[in-house]
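Please keep the sequence and the structure in view while reading.

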Amino acid sequence: MTNSDFSSIGNLLRGQGNIIITSHYNPDGDAVGSAMAMYHTIKQINPNVTVVLPNRFPDFLKWIKNAADVVIFDQYDQQNMAGLFNKASVIFCLDYNAPSRVESMADTMMAAPATKILIDHHPNPDTAAFNYLLSKISASSTAELVYEFLEESGLTSYINKAAAECIYTGIITDTGSFSFSCNNPKTYRIMAALIEIGVDAEKLHRLIYDNFSESRLRLLGYAFDKKLLILSEYRTAIISLSKQELNDFQYKTGDTEGIVNYPLSIKEINVSILMTERDDLIRLSFRSKGDFAVNRIAAEYFEGGGHKNAAGGNSYLSINDTIEKIKSILPFYQNELNGDFK
Ligand code: MN
């Protein structure tokens with residue numbers, strides 16, 4: 001985006017039109033944080049602003065101010081939703097790179113005549129789908145880019161405490177509490193600014209990370225004790241959880257969040273894969289240390305994508321067949337997986 005883009009967007013936002021803020025399917029901390037940060041800021045210059053997410057967000061984000069006002073697309077009548085989208089003058093598309101990432105909401109959103117503004121840090125944005133793009137792979141999180149966008153649009157003074165808490169949430173969840181994508185000084189300058197606005201970092205850490213159920217901790221224990229498969233020749237760990245196993249631990253959305261990161265704490269492990277069985281597919285999460293790019297595997301073999309060190313994909317095979325498929329893929333990368341990691 002150029003300076004004149006930012007000023008024309010600034011004028012659009014200050015206008016009378018309705019503004020919709022969207023983020024991706026299965027929204028995470030960065031998705032909800034970015035959307036609600038934009039909401040709390042824009043609300044002060046234009047009251048007609050609505051956050052619409054494709055499906056529900058995890059309970060650990062419910063403390064976010066006005067989270068209860070988020071419209072969950074798949075819980076509403078499609079015609080009402082089309083009406084809402086068609087009335088919008090601006091639609092923000094946050095933390096995703098292509099309309100398909102909002103799943104069943106994509107058709108309604110793309111049919112709307114609104115100006116569509118993408119703010120995102122995933123590779124390969126679908127440039128044709130959006131009118132304006134603020135797309136930077138180097139950013140720690142979309143929340144960081146939301147801050148940058150508000151700054152460039154002259155709206156910094158409207159970033160209140162609620163908005164600052166949301167930006168903070170997006171940055172700490174997307175960097176694993178500053179353990180990856182965290183080498184840019186700019187991220188820390190933004191964090192400092194957020195604390196100056198009034199963010200209580202200790203309180204937010206508790207709200208985000210000490211907010212789970214007993215059954216979630218027991219699920220973690222079970223996953224690590226009984227379900228951790230180590231493929232030492234490929235420095236890869238796989239954890240798979242069936243629907244039955246998830247049900248046994250009263251699984252709720254968000255409960256498997258973070259599980260995939262733990263196997264990387266094993267010194268020799270460079271890639272971690274989590275498989276969770278959903279109604280009609282197996283959901284895969286990939287994590288890696290260093291230079292090994294897991295988004296290639298996600299994109300090439302599992303209809304997915306994401307970042308170099310954090311990606312996701314889908315499999316329509318059984319859990320066992322998906323594990324076999326991974327075992328057949330890893331040999332192609334054996335040298336890289338065993339190479340020296342920076
Ligand atoms: Mn993100």
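Does N97 count as buried or exposed, and what is its relative accessibility? The model under discussion is predicted. In this model N97 has a relative accessibility of 17%, so it counts as buried, the limit being under 20%.

N97 is located in the loop that runs between β4 (88-94) and α4 (106-111). Apart from residues up to four places away in sequence, N97 touches L118, D120, H122, P123, N124, P125, D126 and F130.

When neighbours within four places in sequence are left aside, S242 is in contact with E277 and I319.

The table sets out the two residues.

| Residue | Loop | Relative accessible area |
|---|---|---|
| N97 | between β4 and α4 | 17% |

**Helix α9**

Helix α9 comprises 13 residues, numbered 214-226. From its first C-alpha to its last it reaches 18 Å, which is close to the 18 Å expected at 1.5 Å a residue. Which residues of α9 are buried? They are S215, R216, L219, L220 and A223. Viewed down the axis of α9, these buried residues fall within an arc of 150°, and therefore they line one face of the helix. The buried residues of α9 pack against β7 (228-231), β8 (236-241) and α10 (243-248). On the other side of α9, the residues E214, L217, R218, D225 and K226 are exposed.

How many cavities of 30 Å³ or more does a search of the whole structure find? The search finds one. The largest cavity holds about 50 Å³ of space. Its lining consists of V271, I273, F286, F292, V294, I297, I326, I329 and L330. The elements that give two or more residues to this lining are β9 (271-277), α11 (294-301) and α12 (319-329). By residue type, the lining of the largest cavity has nine nonpolar residues, no polar residues and no charged residues.

Terms used:
Residues numbered from 1 in each chain as written. Predicted model: local features only at pLDDT ≥ 70, side-chain atom pairs only at ≥ 80, totals over all residues. Heavy atoms only, no water. 1 Å grid on protein atoms, 1.4 Å probe; cavity = no way out; pocket = protein on both sides within 12 Å on 5 of 7 lines; lining within 4 Å. Points joined across faces, edges and corners; volume = space filled by probe spheres on them. Helix = DSSP H or I, 4+ residues; strand = E, 2+ residues; numbered from the N terminus. Nonpolar A, V, L, I, M, F, W, Y, C, P; charged D, E, K, R; others polar. Expected span 1.5 Å × (residues − 1). Buried < 20%, exposed > 50% of the residue type's maximum accessible area, 1.4 Å probe, protein only. Arc of directions from axis to C-beta. Contact = heavy atoms within 4.5 Å.
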